[in-house]
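This report describes a single protein chain from its overall build to selected residues. The sequence and the structure are shown first.

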Amino acid sequence: MLIDTTLREGAQLFGAYFSMEARERIVTGLLSVGVDEIELGWVGQEGLAELVGRVRARRGETALSVWSPCREADIRKAAGLGVDRINIGVPVSDLHIENRLGTDREGLLERLARTVLAAGLLGIRYVSVGLEDLSRADADFALKAARLAQDVGASRVRLSDSLGLLTPLRTAELAAAFAGELSLDLAVHCHDDFGMATANAVTALQSGVRYADASLLGIGERSGIAATEELAAYLTLKEESHAYHIENLRDLCHFVSQAAGVPIPRTKPVLGKDIFACESGLHAHALSKSPALFEPYDPSRVGADRMVAVGGKSGRAAIRHALADHGLDLTEQGLSALVHEVRKLSWELERPLTGSELTKLIKN
C-alpha cells in the first residue's frame, strides 16, 4: 500500500514551493491514481488547515494524514485538523537523540510514550510512529521503541532510512525482524541517496511491511525518496497486488515537474518520453514481431506511446520494416544503398531520422 508524501517530503525539496492551487491539484491527481494514503504536510505548515478543508470531503477511501514532531503541543494542533491519521517522527539513533534532542534513550522513550498516549486521549484513532535514522540506530533499541509505541496505542510503525544507507538485503532483514516482533502495521520511508529507494521499498513490501512512503518523481530532501510512479506501476503491472490507476500518473507527474522545477529525464522509468523508443536494428526488428520481446509492459498502460525510428544503428530488417510502413519495397541493391544513406545522414545529424527525412531519402 502506498503513502504518497509529495506534499510533505516532496515539499522539502530545495527550491520547491507549491501554491495552494498546486497542492489541491496534486491531491486530486493522487486520488485519481488511488493511492492508499496522502500525507498532506506537516504541523505548522502554512495553509495546511485550508488544504485539509478543501480536500477532506473528496478523499473517498484514501486516508489523509499529517506529519508531526514528537511533541504534545504539536499533537494537539494536529488533532484539530480533522485528518484520519497522524504520523509522529521520532529519531532513534544516538546521534540524533543526543545532538538534536538533547536527551538520552530513556528520555526519548518517555517522550514517545507521553506523545502517543496524548494523541489517543485527543481522539486520534490512527497514530503512526516513524523511527527516524533507523539505519544508523542500535537495532535492539529501535525495536524497543517500536514495542513501546505499540503498547501505548500506536497503529503503525514507520521504519525510516533517513540517509538512504540501506540495501535491499539489509532492508529485508530489518523488515522481517520488526514484522516478527510486532502486530501493528509497518511502513517504510526509503531515501534515495545511493539510488536504492524504490528497490528498498519494494523489498520491504515483500518482507512483511504493509505500507511504503513515496513521492511523485521521488522528490524530497537531497536525492529524494522512492518514486510513487515507479512503485505504483510495479505493484500494479508486475506483482498485481494492487490496481492503481497508473494511466493517470503521467499527466500528474508532468504537472509536478513544472511546479517543482524538476525536469523529467527522457529515460525516466514509467515517465520518460523515450522509454519505448527504439532504433537498434535487432530490437526494432524484434518489436515488429512481438513487442513483449523487449518491452516489460504495454506502453499504453502508463499512457505512453511506442516509437520505432531508423538511424545510424538500424539494419536492413528495421529499414525494410520502415519501408513497409510507407507501403514501399526495394530491391536488395536498393535496400543496401538506402541503409547506407540512412546511417550516413543519422550520424551527421547525431539522431534518428524523422519520417519526412526517411521519405526524402527513399524518393531520392
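## Overall Architecture

The model is predicted. The chain has 364 residues, of which buried residues make up 52%. Its secondary structure comprises 14 helices and ten strands. Along the principal axes, the C-alpha trace extends over about 85 × 40 × 35 Å.

When contacts between residues at least 6 apart in sequence are considered, 68% of them join residues at least 24 apart.

## Nonpolar Cores

In soluble globular proteins, nonpolar side chains tend to be buried together. In this model, the largest nonpolar core contains 96 residues. The members that touch the most other members are Leu-40, Val-92, Val-129, Leu-131 and Phe-178. Helix H1, which covers residues 20-33, contributes seven residues, the largest share of this core. A separate core of twelve residues lies apart from it and includes Ala-322, Leu-353, Leu-358 and Ile-362.

With residues up to four places away in sequence left out, Leu-40 touches Leu-7, Val-27, Gln-45, Leu-48, Leu-51, Val-52, Val-55, Leu-64 and Ser-65. Gln-45 and Ser-65 are thus among the residues that Leu-40 touches, and both count as polar.

## The Largest Pocket

The volume of the largest pocket is about 390 Å³. Its lining consists of 20 residues, and those closest to the pocket centre are Arg-8, Glu-9, Glu-132, Ser-162 and Glu-221. By class, the lining divides into four nonpolar, nine polar and seven charged residues.

Which strands each supply at least two residues of this lining? They are strand E4 (85-91), strand E5 (126-132) and strand E6 (156-161). The largest share, three residues, comes from E4.

## The Enclosed Cavity

Rolling a probe the size of a water molecule over the atoms shows where empty space is left. Across the whole structure, the search finds one cavity of 30 Å³ or more. The largest cavity has a volume of about 70 Å³.

The residues lining the largest cavity are Leu-134, Leu-159, Ser-160, Asp-161, Leu-166, Thr-171, Leu-174, Ala-175, Val-188 and Cys-190. Two or more lining residues come from each of E6, H7 and strand E7 (185-190). Seven of the lining residues are nonpolar, two are polar and one is charged. Strand E6 also supplies at least two residues of the lining of the largest pocket.

## A Buried Aspartate and a Helical Glutamate

Asp-274 is located in the loop between helix H10 (249-260) and strand E9 (277-278). Is Asp-274 buried or exposed? Its relative accessible area is 16%, and the cut-off for a buried residue is under 20%, so Asp-274 is classed as buried. Leaving aside residues up to four places away in sequence, Asp-274 touches Arg-266 and Met-307. The side chains of Asp-274 and Arg-266 form a polar contact at 2.8 Å.

Glu-230 belongs to helix H9, which covers residues 228-237. The side chain of Glu-230 makes a polar contact with that of Thr-198, at 2.8 Å. Beyond residues up to four places away in sequence, Glu-230 touches Thr-198, Lys-268, Pro-269 and Val-270.

## Two Further Helical Positions

His-254 lies in helix H10. A relative accessible area of 36% falls between the limits of 20% and 50%, and His-254 is therefore partly exposed. When residues up to four places away in sequence are not counted, His-254 touches Ile-264 and Leu-271. The C-alpha atoms of His-254 and Leu-271 are separated by 8.5 Å, and the two residues are 17 residues apart along the chain.

Gly-180 is placed in helix H7, which covers residues 168-181. Exposed residues have a relative accessible area over 50%, and Gly-180, at 64%, is therefore exposed. Between the C-alpha atoms of Gly-180 and Gly-208 the separation is 8.4 Å, with the pair 28 residues apart along the chain. Helix H7 also gives two or more residues to the lining of the largest cavity.

Methods: Residues numbered from 1 in each chain as written. Predicted model: local features only at pLDDT ≥ 70, side-chain atom pairs only at ≥ 80, totals over all residues. Heavy atoms only, no water. Core = buried A, V, L, I, M, F, W, Y, C linked by side-chain atoms within 4.5 Å. Buried < 20%, exposed > 50% of the residue type's maximum accessible area, 1.4 Å probe, protein only. Helix = DSSP H or I, 4+ residues; strand = E, 2+ residues; numbered from the N terminus. Contact = heavy atoms within 4.5 Å. Polar contact = N/O pair within 3.5 Å; in protein donor to acceptor, adjacent residues only side chain to side chain. 1 Å grid on protein atoms, 1.4 Å probe; cavity = no way out; pocket = protein on both sides within 12 Å on 5 of 7 lines; lining within 4 Å. Points joined across faces, edges and corners; volume = space filled by probe spheres on them.
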